[in-house]
Amino acid sequence: HILDTLVARCLELVSSESQSKNIGKDTIFTTDAFTNLPQIQTVVDDTNVLLSHLTDESTPLVISRDVFSIFGSEKLPKIPNVNIQELLGKQTLATLMPRLVSFEEQAQLFCEYLASIYEFQANYLVAANTLTSVSMESSMRVVPDATKFRVYVTAASLFLFAKDAEKAEAYINRASALINNVQGQEDEIKYLKLQYKWCYARHLDMKGKFMEACVRYYELSQQSDSEGRLHQGDGSKTLLNELDKMDIQPDNLGDSNPLKRKNYEHLNPTDCLQHAVICAVLAPAGPRRAQFISVLFKDERTKKLSTRSILECLYFIRLLRPDLVTSFAHLLEPHQRITIGEGTLGV
């Protein structure tokens with residue numbers, strides 16, 4: 001009842017703010033945008049009282065754990081405002097961390113929830129660090145391999161989005177040790193395995209291992225396009241199209257929640273194929289590269305890519321025109337460029 005009252009007050013606050021500004025209730029406010037700041041502070045203060053009571057030594061753990069779990073999985077997502085969710089989530093996590101030994105599972109729930117908010121805000125490094133702030137290898141609880149795999153793959157992708165290949169590598173290695181233990185045909189399992197393969201390819205790409213990255217990207221483009229297909233015939237749907245309609249990650253966001261994370265666009269087969277071509281062009285010359293240039297050129301899907309012209313020149317061993325090199329250079333990311341002389345960029 002206390003949690004319901006807290007959520008109801010937040011809903012009332014957001015609703016009144018929306019009416020006063022004549023905007024939709026799902027609008028994402030900044031904290032400064034609220035005119036009812038005293039009411040927000042009252043909610044925060046009341047939440048602090050509740051949290052202090054729940055983490056008090058005199059409160060039975062069986063009750064405290066249940067309340068925290070219900071708050072994180074059921075009540076918090078009902079607040080249709082990301083800023084208030086973040087505020088209360090951070091407040092709860094800060095209260096749980098000093099007693100982490102007793103509330104590891106509940107703290108992990110709020111870590112994942114906050115990480116999803118930070119990812120939504122494109123604050124990838126903070127999201128990754130928040131997600132990994134609670135260990136999955138604790139001796140105080142048994143964490144299923146599927147849960148570990150989900151957290152490790154998500155953390156790796158967040159570190160890669162944040163351009164931190166070193167930290168991403170650690171979580172890719174941990175996920176590698178678990179991937180054979182995670183079985184099933186559920187859409188989320190398929191998605192996570194595709195995400196893992198993207199992480200592996202992306203890491204090789206960022207480390208400058210372009211030939212290996214090319215092979216991985218190409219395999220991923222084929223899997224995303226074929227193995228991910230759920231139905232055949234008229235109106236066929238791919239796994240990625242289906243995931244676009246589902247609330248797969250993060251868990252427990254609520255149907256009306258404005259925070260709908262879409263962190264799988266990079267698994268689009270066309271994007272993966274484009275990355276494969278770029279990495280093939282950047283790879284060192286040799287028989288393996290020549291073989292893969294041939295494979296890519298003969299793949300009908302590459303005819304629609306912006307890199308088709310340079311791929312054709314390499315396949316027929318033609319000289320590259322300066323304008324072609326310039327247009328290709330615009331497709332490169334910072335880690336795919338080298339600096340020559342006085343700040344001149346080279347491909």
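Student: Which residues does phenylalanine 149 touch, not counting residues up to four places away in sequence?

Tutor: The structure is a predicted model. In this model, Phe149 is one of the residues that touch the most other members of the largest nonpolar core. Leaving out residues up to four places away in sequence, phenylalanine 149 touches Ala175, Leu178, Ile179, Val182, Leu192, Lys193 and Tyr196.

Student: Which helix gives the largest share of this core?

Tutor: The largest nonpolar core holds 84 residues, and Phe149, Cys214 and Leu296 touch the most other members. In soluble globular proteins, nonpolar side chains tend to be buried together. The largest share of the core, ten residues, comes from helix α9 (residues 187-206).

Student: At what angle do α7 and α9 pack?

Tutor: Helix α7 covers residues 145-161, and its axis lies 9 Å apart from that of α9. The crossing in which α7 passes α9 is left-handed. The packing angle is about 35°.

Student: How many nonpolar, polar and charged residues are in the contact of α7 with α9?

Tutor: On the side of α7, the residues that meet α9 include Phe149, Arg150 and Ser157. Among those they meet in α9 are Glu188, Trp198 and His203. By class, the contact has ten nonpolar, three polar and four charged residues.

Student: Which residues of α13 are buried?

Tutor: Helix α13 (residues 287-298) has twelve residues. From first C-alpha to last, α13 reaches 17 Å, close to the 16 Å expected at 1.5 Å a residue. Its buried residues are Arg289, Phe292, Ile293, Ser294, Leu296 and Phe297.

Student: Is aspartate 299 buried or exposed?

Tutor: Aspartate 299 is placed in the loop between α13 and α14 (308-315). Leaving aside neighbours within four places in sequence, aspartate 299 is in contact with Tyr218, Leu273 and Arg308. Because its relative accessibility is 12%, under the 20% limit, aspartate 299 counts as buried.

Student: What percentage of the residues of the chain count as buried?

Tutor: The chain contains 15 helices and two strands. Of its contacts with a separation of 6 or more, 64% are between residues 24 or more positions apart. Of the 347 residues of the chain, the share that counts as buried is 48%.

Technical notes:
Residues numbered from 1 in each chain as written. Predicted model: local features only at pLDDT ≥ 70, side-chain atom pairs only at ≥ 80, totals over all residues. Heavy atoms only, no water. Core = buried A, V, L, I, M, F, W, Y, C linked by side-chain atoms within 4.5 Å. Buried < 20%, exposed > 50% of the residue type's maximum accessible area, 1.4 Å probe, protein only. Helix = DSSP H or I, 4+ residues; strand = E, 2+ residues; numbered from the N terminus. Contact = heavy atoms within 4.5 Å. Axes fitted to C-alpha atoms, helices over the stretch in contact; angles between N-to-C directions. Left-handed = near helix turned anticlockwise from the far one by under 90°. Nonpolar A, V, L, I, M, F, W, Y, C, P; charged D, E, K, R; others polar. Expected span 1.5 Å × (residues − 1).
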